[in-house]
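Please read the sequence and the model side by side.

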Amino acid sequence: MSHDARDAEEESTAVKSQADETVLAKSRKHTRRSFAAAGVAAAAGYGFYRWLDRGPQADMLPKLLDRTYDFNAGVSHAVFGERALAPTYPQSRAEVLRVNGVYGLKKVLTPESYRLQVVGARDAERHPRFVRDVTAWEYRYEGNSGEDAGHDTKVDPAKQTSSKMPPQFAQAFERLKETQGGRPPRGNEEAGESDSTLDPGTPGLLLTLDDFVPKLARHELVTQFKCIEGWSQVVHWAGVRMADFLDLYPPAPIDGREPRYVYMETPDGDYYVGYDMHVCRHPQTLLVTEMMGAPLTQNHGAPLRVHMPTKYGYKQIKRIGLIAYTDEKPDDYWTKLGYDWYAGL
Ligand SMILES: Nc1nc2c(c(=O)[nH]1)N[C@H]1C(S)=C(S)[C@@H](COP(=O)(O)O)O[C@H]1N2
Ligand SMILES: [Mo]
């Protein structure tokens, strides 16, 4: 490489990391605010209300302990992990990521039927893409992906919600299916249906990728992708910053401040992830459209997935169907099966 070329590259890296620092500083500011608010909510017993109106008596103690553990994990990760920049690597070290986990991807999505549902955006009803019920959108599919399911965790089948359903709930479930227009039930995987799934009749935006990707700056990252199963790979990603998306579609304020969380799920609701708002504003949190210089394949989450190098793989949802801003800590697929909600590295 010539001196000039190297200088140019170093310069552009410097410019890029300066930009990163600016976004990071902004995310830190948000962090302090939302962090203080989270502390107050925890002290006021927010967690208690959540589990009190759910589940039988016997479930209460473990859930309480879980929540306490979660909160402590939140403190440590918010202080150490989430505010730093994850290391980046030379592109020569990057390789195509293996396919691991196809919850929510088992059918091939018809690309033209893709829409991103956005719920909780400010002034949504004035937006040209506003609809009264985002859940009424019908995604179309073209057969099965044929990919092995992956994630071969051993879960007691008795713990699967549907198989244990007493008749009165099964009836309610059937009625719910009817109000959902006869579409297949959500949460057909081990962890079952998300507690944060939208109710039918939830208003919001229905976006195509063209509505926002061309409007936002393109960003590339070469980062390490880590799965808790014990493997990691360096991958080259491209897409837009989630922080920029949040600026384009800002959350409607709740009690005069920004909501604390973001909830995402696949179009069929089978995989779902909850995020802290400040982590979504991290400069390396991307809404990814390309991997290794090519558009995402279906099994890697086409047309849109999350990359978040400060978190383990299970927080990086593939095939995002919904982005919802919320003040209630969202449900999370792997947390339902006992994994840490924060999943920080
Ligand atoms: N929709 C969806 N997203 C998902 C998963 C999944 O099963 N379904 N698995 C997660 C886990 S645990 C990992 S390690 C990565 C794997 O991404 P890859 O298939 O591109 O390697 O996707 C994450 N996102
Ligand atoms: Mo994973």
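What follows is a short walk through this predicted model.

Some ground rules come before the tour. Residues are numbered from 1 along each chain as its sequence is written, while chains are lettered from A and ligands numbered from 1 in the order in which they are written. In this predicted model local features need pLDDT of at least 70, side-chain atom pairs count only at pLDDT 80 or more, and totals for chains, interfaces and linings use all residues, with side-chain values using heavy atoms and leaving out hydrogens and water.

Start with the fold. The protein has 8 helices and 13 strands; these are DSSP runs, H or I of at least four residues for helices and E of at least two for strands, numbered from the N terminus. Of the 345 residues, 46% are buried, meaning under 20% relative accessible area with a 1.4 Å probe and protein chains only. The protein exposes about 17,200 Å², and carbon and sulfur atoms supply 54% of that area (Shrake-Rupley method, 1.4 Å probe). Among contacts (heavy atoms within 4.5 Å) with a separation of 6 or more, 78% join residues 24 or more positions apart.

Now go inside. A nonpolar core is a set of buried Ala, Val, Leu, Ile, Met, Phe, Trp, Tyr and Cys residues joined through side-chain atoms within 4.5 Å. The largest has 47 residues, and Leu116, Phe245, Ile323 and Tyr325 have the most contacts inside it. Strand S13 (residues 322-326) gives the most to this core, with 4 residues. A second, separate core has 12 residues, including Leu221, Leu286, Val288 and Leu296.

Next, a loop. Threonine 285 lies between helix H7 (277-280) and strand S10 (286-291). Why does threonine 285 count as buried? Because its relative accessibility is 2%. Its side chain reaches the backbone oxygen of valine 279 at 2.8 Å, a polar contact (N or O atoms within 3.5 Å, one able to donate a hydrogen and the other to accept it). Beyond residues up to four places away in sequence, threonine 285 touches Val240, Arg241, Met242, Val279, Cys280, His307 and Met308.

Finish at ligand 1. Of the 20 residues around it, Arg98, Asn100, Tyr103, Arg305 and Lys318 come nearest (near: a heavy atom within 4 Å). The shell has 10 nonpolar, 7 polar and 3 charged residues. An oxygen atom of ligand 1 lies 2.4 Å from a backbone N or O atom of arginine 98. The side chain of arginine 305 places an N or O atom 2.7 Å from a ligand 1 oxygen. A polar backbone atom of glutamine 316 is 2.8 Å from a nitrogen atom of ligand 1. The protein covers 99% of the 540 Å² of accessible area that ligand 1 has on its own.

How values were computed
Ala, Val, Leu, Ile, Met, Phe, Trp, Tyr, Cys and Pro count as nonpolar, Asp, Glu, Lys and Arg as charged, and the others, Gly among them, as polar. Buried means under 20% relative accessible area, exposed over 50%, partly exposed in between (1.4 Å probe, protein chains only).
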